[in-house]
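This report goes through one protein chain, topic by topic. Please keep the sequence and the 3D view at hand while reading.

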Amino acid sequence: MNFFIFIMLILCLIGLLDKILNNRLGLVEAFDKGINSMGSIAMSMIGFYCIAIALIQKNVDVITAMSSNSLLDPSIIIGSILAPDMGGFSIISGLDNKAFLIFSGVILTSTLGQTISFQLPIFLASLKKDDLQPFIKGLVYGILSLPLVLVIFALYLQIPHLLINLLPILILCLLLIAGLYFSYKKTIFVLTLFGYVIRIVSMILFALVILQLFFDSFSFTSTALISEAMIIVLRMCIVVCGSMILSDILIKKFSRIIFMIGQKLGINSTSVIGLLLSFGTSIAMIPLFSQMDHKGKVINAAFSVSGAYVFGGQLGFISSVVDNHGVLIYMTSKIIAGVLAITFVMIFDKLKKNNFKIND
């Protein structure tokens, strides 16, 4: 078992103990938030996981033939637009190309993929109008941090035909940045529509899995895959519980350190708390976003592209489908990219201030 997963498990069990003790430790609210996430996790990933893998298993020969005629691996495109627990990893693992499993199925899906298919639609629908501009600005910094990290890990994993396979990612990153800057409304519309379609598809596929459970005449997937998906959902839920409790403890017990970190970064304490919550789930920092200062909003948005969910549900999913080496790469790549995104914000903010002083 991965060390960090073990920590999340212990924290989850402490939260359960506190529930038995009638909230003596004050951790029940955080524990309940984690448990309540099970329904939404199940709805978003079970259908994709079960039916996507079943479809790919039935069409392995066709996919293999298509892949063999091109130097560009199809997993690159899939990983760039889908989160790992929203079908991204399941589809890529079904392609049976081990060389790209960790790079596309883990690193790419948990950064660019989760940003496009999951995070963007939710944030755009939830944030206030005045918060959208700093959010989009931060998003651009977050996307800018990705290519360098992807190149480093692609070299480490010895990805074949590196330039050809990274080119679509670089083009997609540039198109996103250009679109958000020069055609903001149209880009937002397309991304929101895409996220909405993904959510609808996940619900439809979830419904098909439910029908198969109750009607033998339906055969969309296998019972083994359904059982496997349910185990993954339970593991994800445990990790989310642990991350929620960890965030709650950090906020309650280390408020002074949080204030000092805020001073160092030049942001208020609410912004620092948002960053801490993002390690578990960036969704938890949405209610705090309007209380952050401008720089804090930009930093939180930038960090969320890669740094979000390092200890959250995604970690629970990844740890259920890959070995410890894969989990370590997942965590390392996301943390490096997240820190790099914050560094970009700090550098450009300093350059902007210096330029303003010179102009004065």
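A disulfide would need the two sulfur atoms within 2.5 Å. This model is a predicted one, and it holds zero disulfides. Cys 50 is likewise in no disulfide: the nearest cysteine sulfur, that of Cys 237, is 17 Å away.

Cys 12 is buried, with a relative accessible area of 9%. Cys 50 is buried too, with a value of 0%.

## Confidence of the prediction

Over the protein chain the pLDDT averages 82, and 91% of the residues score at least 70. Confidence is highest in helix α14 (residues 294-306), with a mean of 93. It is lowest in helix α3 (residues 60-68), where the mean is 62. Where pLDDT is low, the predicted coordinates should not be read in detail.

In soluble globular proteins, nonpolar side chains tend to be buried together. Here the largest nonpolar core has 107 residues. Helix α2 (residues 28-58) gives the largest share of this core, twelve residues.

Which residues have the most contacts inside this core? They are Phe 103, Phe 135 and Ile 169. Leaving aside residues up to four places away in sequence, Phe 103 touches Ile 76, Leu 108, Leu 150, Ala 154, Leu 157, Ile 159, Leu 166 and Ile 169.

Helix α10 spans residues 184-214 and includes Leu 205. Lys 186 is found in helix α10 as well. Leu 205 is buried, with a relative accessible area of 14%, whereas Lys 186 counts as exposed at 63% relative accessibility.

Not counting residues up to four places away in sequence, Leu 205 touches Gly 47, Phe 48 and Ile 51. The C-alpha atoms of Leu 205 and Ala 52 are separated by 9.1 Å, although these residues are 153 residues apart along the chain. For Lys 186 and Pro 74, which are 112 residues apart along the chain, the C-alpha atoms are separated by 27 Å.

## A buried serine in a loop

Ser 282 lies in the loop between α13 (269-280) and α14. Is Ser 282 buried or exposed? Ser 282 is buried, because its relative accessible area is 0% and the limit for buried is under 20%.

The side chains of Ser 282 and Tyr 309 are joined by a polar contact of 3.0 Å. Tyr 309 is also one of the residues that Ser 282 touches beyond four places in sequence; the others are Gln 119, Phe 123, Leu 277, Ser 304 and Ala 308.

A pair of aromatic rings is described by the distance of the centres and the angle of the planes. The structure holds seven aromatic pairs. One of them is formed by Phe 89 and Phe 317, with 6.0 Å from centre to centre and 85° between the planes, and this pair is edge-to-face. Phe 89 belongs to helix α5 (residues 88-94) and Phe 317 to helix α15 (residues 313-321), so the pair ties together parts that are 228 residues apart in sequence. Both Phe 89 and Phe 317 are buried. Elsewhere, Phe 215, Phe 218 and Phe 220 form one aromatic cluster.

Why is α15 described as largely enclosed by the rest of the structure? The reason is that seven of its nine residues are buried. These buried residues are Gly 313, Gln 314, Leu 315, Gly 316, Phe 317, Ile 318 and Ser 320.

## Two asparagines with positive phi

Asn 22 lies in the loop between α1 (3-20) and α2, and Asn 23 is found in the loop between α1 and α2 too. Phi of Asn 22 is near 65°, a positive value in a residue other than glycine. Asn 23, also not a glycine, has a positive phi of about 65°.

What are the relative accessible areas of Asn 22 and Asn 23? Asn 22 is exposed, with a value of 68%. Asn 23 is partly exposed, with a value of 39%.

Technical notes. Residues numbered from 1 in each chain as written. Predicted model: local features only at pLDDT ≥ 70, side-chain atom pairs only at ≥ 80, totals over all residues. Heavy atoms only, no water. Buried < 20%, exposed > 50% of the residue type's maximum accessible area, 1.4 Å probe, protein only. Helix = DSSP H or I, 4+ residues; strand = E, 2+ residues; numbered from the N terminus. Contact = heavy atoms within 4.5 Å. Core = buried A, V, L, I, M, F, W, Y, C linked by side-chain atoms within 4.5 Å. pLDDT = per-residue confidence, 0-100. Polar contact = N/O pair within 3.5 Å; in protein donor to acceptor, adjacent residues only side chain to side chain. Phe/Tyr/Trp six-rings, centres within 6.5 Å; stacked < 30°, edge-to-face > 60°.
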